[in-house]
Amino acid sequence: MSAFIRCQQVVKAYKAGAHEVVALRGIDFEMEEGEMVAIIGPSGAGKSSLLNLLGGLDRPTAGQLMVGEQNLLELKGRRLATYRLHEVGFVWQQVSRNLFAHRTAQQNIMLPLTLAGAKRRERGRRAKELLDAVGLADKAKHKPVQLSGGQQQRVAIAVALANQPRLLLADEPTGSLDRENGVQVMRLIRELREQLRLTVLLVTHDIELADYADRVLTLRDGALGQDLTKQETPVVEDDGRIRLPETVREQLAKADQISVEVRPEGVLLRPEKAEEDLSEKLLQGILPQDAPPPVHRFRLRRQKERQA
Ligand code: ADP
């Protein structure tokens, strides 16, 4: 079975005057249908850019992006509008972006249904159903200002789910909430994911809240890494040997050789093909101004080579 979300080498660059800001540098990742994934990373890492691309609010500069059967690079005009209205629901950190202040909770939920052409009776039925689902059946006639921050985000989730999307994207949905409300919102998202078989991708800077997801990915400087905290911890033995977790060993298994770079932010193990070595040296010779910052570099020989 193929993945529900497939990002292949997704690049997003913005023009900022004469400069170009590269927010995503070739992102590769997949999500299964019904999976809940949290992305954590510092400000400016590219998290919102990634959500915007998946929500059809922006286009990648390069790469492939599939959600279900939809190739997001090919969606335009009416089909793109349909995708945004029916296939994906968004929850933002700022309540003002999620809800109209002058409308009641019920009216806010009915708005995307109206845009989708739902009949009056259907709109009422669905709004009631959703208010029940987020535990706010008694707040239908309340405007956002009459609700607490946590309740407002619950209504925002109901709005996002109004047209029964398969994908829920949430950008720091708990960012403006205290811990107790943050936990409640994460629990609600997880419950709804199970009830409605939603696929959920959310951004958070809170590692404890990220733990409500099935999987946590880290995004830094536009590049994704897998968070391994839930897996076996690497062990450094006395003689300097490191026992790496299974996932890392799988990543490195097919490499001809592995380069080790000591960078300011940590140590990078990079699987490489033998011939890449030469082309990289050549490139560095031709383009010295584009060469990466100096790194300590040496090769790890594979054990089986040594045994041979
Ligand atoms: P995050 O959500 O992790 O804070 P963003 O995706 O918002 O990161 O931003 C990633 C990088 O792209 C940042 O350097 C940011 O300044 C830049 N960026 C984001 N949106 C734009 C834009 N519309 N125009 C120019 N630069 C942008």
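**Close-up views of a predicted model**

**View 1. Packing of helix α6 against helix α7.** Helix α6 (residues 149-160) and helix α7 (residues 179-196) pack with their axes 10 Å apart and at an angle of about 20°, which makes α6 roughly parallel to α7 (angles under 35 degrees count as roughly parallel). Axes are lines fitted to C-alpha atoms, for helices over the stretch in contact, and angles run from 0 to 180 degrees between N-to-C directions. From α6, the contact is made by Gly-150, Gln-153, Arg-154 and Ile-157, and from α7 by Asn-181, Gln-184, Val-185, Leu-188, Ile-189 and Leu-192 (contact means heavy atoms within 4.5 Å). By class, five nonpolar, four polar and one charged residues form this contact of α6 with α7; Arg counts as charged, Val, Leu and Ile as nonpolar, and Gly as polar. The model is predicted, so local features need pLDDT of at least 70, side-chain atom pairs count only at pLDDT 80 or more, and totals for chains, interfaces and linings use all residues. Residues are numbered from 1 along each chain as its sequence is written, and side-chain values use heavy atoms, with hydrogens and water left out.

**View 2. The aromatic pair of Phe-90 and Trp-92.** The structure holds one aromatic pair (ring centres within 6.5 Å, using the six-membered ring of Trp). The ring centres of Phe-90 and Trp-92 are 4.2 Å apart and the planes lie at 5°, so the pair is stacked (planes under 30 degrees apart). Both Phe-90 and Trp-92 are buried (under 20% relative accessible area, with a 1.4 Å probe and protein chains only).

View 3. Trp-92 is found in the loop between β6 (88-91) and α3 (95-98); helices (H or I, at least four residues) and strands (E, at least two) are DSSP runs, numbered from the N terminus. Its relative accessibility is 9%. Leaving aside residues up to four places away in sequence, Trp-92 touches Asn-52, Leu-57, Arg-97, Asn-98, Gln-153, Asp-171 and Pro-173. Trp-92 and Pro-173 are 81 residues apart in sequence, yet 5.7 Å apart in space, C-alpha to C-alpha.

View 4. Gln-9, found in strand β1 (residues 5-16), has a positive phi of about 50° although it is not a glycine. The relative accessible area of Gln-9 is 46%, so this residue is partly exposed (between 20% and 50%). Glu-172 lies in the loop between β7 (167-171) and α7, and its phi is positive, near 50°. Glu-172 counts as buried, at 12% relative accessibility.

Technical notes
Angles under 35 degrees count as roughly parallel, over 145 as roughly antiparallel, 65 to 115 as roughly perpendicular and the rest as oblique. Rings of Phe, Tyr and Trp (its six-membered ring) pair if their centres lie within 6.5 Å; planes under 30 degrees apart count as stacked, over 60 as edge-to-face and the rest as tilted.
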